[in-house]
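Hi everyone, thanks for coming.

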Amino acid sequence: MENLDWLLQGFEQAATPMNLLYAVIGVLLGTAVGVLPGIGPAMTVALLLPVTYNVSPSAAFIMFAGIFYGGMYGGSTTSILLNTPGESSSVITAIEGNKMAKAGRAAQALATAAIGSFVAGAIGTALLAAFAPPISRFAVTLGAPSYLAVMLFALVAVTAVLGASKLRGAISLFLGLAIGVVGIDFLTGQPRATFGMPQLSDGIDIVVIAVAIFAVGEALWVAAHLRRRPAEVIPVGRPWMGREDFKRSWKPWLRGTAYGFPFGALPAGGADLPTFLSYITEKRLSKHKDEFGKGAIEGVAGPEAANNASAAGTLVPMLSLGLPTNATAAVILTAFVSYGIQPGPTLFEKEPLLIWTLIASLFIGNLMLLLLNLPLAPLWARLLRTPRPYLYAGILFFATLGALAVNVQPFDLVLLLVFGLLGLIMRRFGLPILPLIIGVILGPRIERQLRQSLQLGGGEWSSLFTEPVAIVVYVLMAVLLLMPLVLRLMHRSEETLLVVEDDQDQREKAAQA
Amino acid sequence: MIVVGYSADPFGRAALEHGIAEAKLRGTTLWVINSTSGEAYVDAAFAQRSEIHDVEKHLNECGVAFELTQPVGVDTAAELLKAMDRDEAELLVIGIRHRSPVGKLLLGSVSQQLLLECPKPVLAVKPDVL
Amino acid sequence: MTTTSQQIAAAKPTDKAQYIVCAVLVLVGGFLIFDGLTLEEGFAKVDPVGPKLFPVVIGVILIVLSVILAIAIPRGSVGEADAGEDVDPNSPGDWRTVGLLVGLFVAVIVLVNPLGWVITGTLLFAGAATILGNRHYVRIIAIGAVVSLVSFYAFYSGLGIPLPAGILDGIL
């Protein structure tokens with residue numbers, strides 16, 4: 001198969017000493033920031049965007065991918081050892097994982113999380129390698145109207161997430177679109193929203209926005225809530241598992257992967273739903289139901305696998321369609337743009353070596369993470385002793401450095417401050433970050449697609465609806481948008497859709513008691 | 001009143017034991033302070049619930065009247081000095097650790113600050129070497 | 001009963017500070033509409049959208065959203081403050097620290113060209129760490145200086161980006 005050929009070439013490239021070094025740096029950094037609460041892979045990739053100025057694309061993306069996967073691994077370490085979770089997608093792992101740790105089974109919890117993450121990552125990356133090229137090939141055949149519909153769908157999906165405030169999602173989105181407007185109109189050449197400043201005629205550099213919103217905004221927000229009661233860390237030795245644990249874990253690993261990958265690949269998915277579903281499923285299917293809530297290993301194995309598979313899944317729309325579905329993917333996309341590589345369906349055609357090297361390095365990085373995390377877990381736990389003043393001063397330092405490096409002008413620092421304050425306001429008032437970034441990235445592209453589609457269609461609005469894919473996507477969009485209304489008419493809330501089967505279990509228990 | 005600077009390690013426990021002994025000797029009360037700057041996610045010296053439970057049990061068994069506080073977000077030395085400013089405070093008990101000359105230079109020392117700045121008597125103890 | 005529902009409505013906390021968001025939305029939206037309308041029309045035949053449509057529509061929607069939010073606030077609509085992984089959102093915010101950091105940042109913006117990156121970077125790192133509570137002054141300035149120097153040279157020789165040298169130009 002041609003793809004297999006490419007994959008082998010990718011491995012060849014990814015295995016060069018330079019690229020391997022970047023992979024190691026990436027996974028180490030990724031695990032470190034995954035362990036540290038408050039700093040995430042998205043912020044780290046944003047802070048590292050300046051390296052794209054002089055490093056080869058494959059090296060940079062290998063590092064970013066390592067950070068992406070590493071963040072998942074690090075997050076599970078914290079959620080098991082601390083009584084507060086690391087990454088937000090590790091909340092479910094913390095339920096059973098921390099209980100296991102308190103019962104003296106931290107080593108097993110860490111082992112099942114690490115191995116499960118590896119299994120899920122390996123399978124997920126393989127599925128990525130299998131599915132992304134055909135999707136991309138199909139997407140290339142889509143005309144401008146269909147591609148426009150898909151992009152609009154991504155916007156709506158990211159805003160209309162189940163269970164979140166649609167109002168605030170919309171506010172974030174439109175603020176992002178507003179930021180995207182700044183610049184010179186590509187068709188008529190007129191400056192828009194540039195305040196008459198020539199520095200803004202190229203638009204606001206996406207690197208500055210990413211760094212400002214992710215790094216500066218977060219740093220300022222944490223600065224407002226700096227000191228608090230230290231959490232309790234459960235000391236642990238080297239992770240390992242016994243045969244019994246292994247037997248109980250391997251099926252949850254596979255089931256978790258099956259949940260995680262599709263949800264990750266869909267724009268409206270994300271990592272929270274599949275980990276939640278995996279937990280409920282494992283609870284239902286387990287022969288050790290009574291252990292749940294006190295430290296059941298299936299409750300760690302399944303959700304962790306789901307988590308990592310979801311991460312692999314989000315790379316599918318990112319690489320095949322150029323659509324980011326989570327914050328880290330969005331920032332990695334900006335790196336593509338930084339290199340002048342156009343993300344989208346043509347990526348596989350135009351830069352096959354780069355993409356396949358990236359995919360190959362995902363396999364390598366995944367393996368590295370397993371090998372690094374098993375022996376090094378106690379060390380990562382020590383990282384948690386770093387005082388926050390150093391951490392966040394460092395973040396502000398690197399954020400300033402990164403923003404300054406874009407054009408070496410203080411004006412970018414002004415933008416950094418302004419958007420950093422915006423990031424702070426968003427966090428204070430519960431406005432989700434992802435729709436804003438997606439709005440900034442996709443807004444100009446959507447406008448361009450729309451106007452080009454209309455040009456091709458001779459200026460007729462109906463030309464937007466001529467392709468079957470476009471129509472299907474618009475219908476799906478309408479469903480997604482109208483769902484809250486329908487639910488309200490049926491006097492139910494979205495939360496009841498996610499009804500925890502625990503409810504039923506609780507009733508049964510109450511009935512038995 | 002005796003003030004004890006407590007930390008969740010052998011040095012703090014040594015200070016606690018000596019503090020209890022002094023309190024019994026002088027027939028006075030004990031104030032155990034276990035503070036943290038709250039700056040790091042994890043502070044090994046900050047006693048968690050189970051340890052606090054054990055300490056309180058131990059103090060109750062010893063029959064000494066005590067108060068135990070865990071201020072968060074403060075500087076340890078400043079907090080202990082503030083406690084010693086009270087009229088009824090008569091003695092400060094702290095555990096000290098050996099530092100190499102380089103360590104003394106590079107790292108700050110809470111114990112050194114307390115020994116030098118506290119106007120009232122300070123009892124510096126080391127854990128028993130078994 | 002009406003009294004209990006009234007009591008419930010009164011008990012729900014309203015986060016009046018959210019009006020700041022409304023203000024921001026109105027400002028941005030208003031600006032977009034104003035700026036958009038001053039643009040010239042495009043090639044109307046094949047570009048029925050023109051350069052005006054997007055900014056104006058976005059601006060209008062922003063203002064509509066602002067109104068919706070303004071109505072929702074007194075009804076108790078509260079955005080869940082980002083409970084990031086490292087934040088306890090229920091504690092009252094320490095805005096003084098934030099204000100100091102912003103002030104430091106403004107100082108950096110003003111000083112980075114005249115004084116150069118090495119000095120300003122050190123100032124930024126040491127200043128931020130001190131504002132955030134660090135008390136080991138000598139240590140932090142030393143670390144800041146080292147990191148600023150290293151990054152200065154690294155960016156110049158490694159990435160080919162000359163950061164401002166400021167008054168140290170010629171020495172570095």
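Let's start in chain B, where strand β2 (residues 30–33) and β3(B) pair in the parallel sense over 4 bridges. If you want one position to look for, find I33(B), which stands opposite T69(B) in β3(B). Please keep in mind that this is a predicted model.

On to chain A. Here you'll find 20 helices and 2 strands. The C-alpha trace of chain A spans about 70 × 55 × 50 Å along its principal axes. A compact globule with 513 residues would have a radius of gyration near 24 Å, so the 23 Å of chain A agrees with that. Buried residues make up 60% of the 513 residues in chain A. Take the contacts in chain A between residues at least 6 apart in sequence: 80% of them join residues at least 24 apart.

How does chain A meet its partners? With chain B, 14 residues of chain A are in contact with 11 residues of chain B. The chain A side of that contact divides into 7 nonpolar, 1 polar and 6 charged residues.

With chain C, the contact takes 63 residues from chain A and 67 residues from chain C. Several helices of chain A each supply at least two residues to this side, among them α7 (166–181), α8 (206–223) and α17 (433–456). The largest share, 11 residues, comes from α15(A). The residues on this side of chain A divide into 39 nonpolar, 13 polar and 11 charged.

Finally, a word on confidence. For the complex, the predictor gives an ipTM of 0.86 and a pTM of 0.84. The mean pLDDT of chain C is 80, and 80% of its residues reach 70 or more. Among the elements of chain C, helix α4 (residues 95–131) has the highest mean pLDDT (90), and helix α1 (residues 2–11) of chain C the lowest (48). Over residues 1–11 of chain C, pLDDT stays under 50, and the model has 0 contacts beyond four places in sequence for them.

Definitions and conventions:
Residues are numbered from 1 along each chain as its sequence is written. Chains are lettered from A and ligands numbered from 1 in the order in which they are written. This is a predicted model: local features need pLDDT of at least 70, side-chain atom pairs count only at pLDDT 80 or more; totals for chains, interfaces and linings use all residues. Two residues are in contact if their C-beta atoms, placed from the backbone, lie within 7 Å. Ala, Val, Leu, Ile, Met, Phe, Trp, Tyr, Cys and Pro count as nonpolar, Asp, Glu, Lys and Arg as charged, and the others, Gly among them, as polar. pLDDT is the predictor's confidence in each residue, from 0 to 100. The radius of gyration is taken over C-alpha atoms; the globule rule is 2.2 Å times the number of residues to the power 0.38. A residue is buried if 20 or more other C-beta atoms lie within 10 Å of its own, exposed if 12 or fewer, and partly exposed in between; C-beta atoms are placed from the backbone. Two strands pair if DSSP finds at least two bridges between them.
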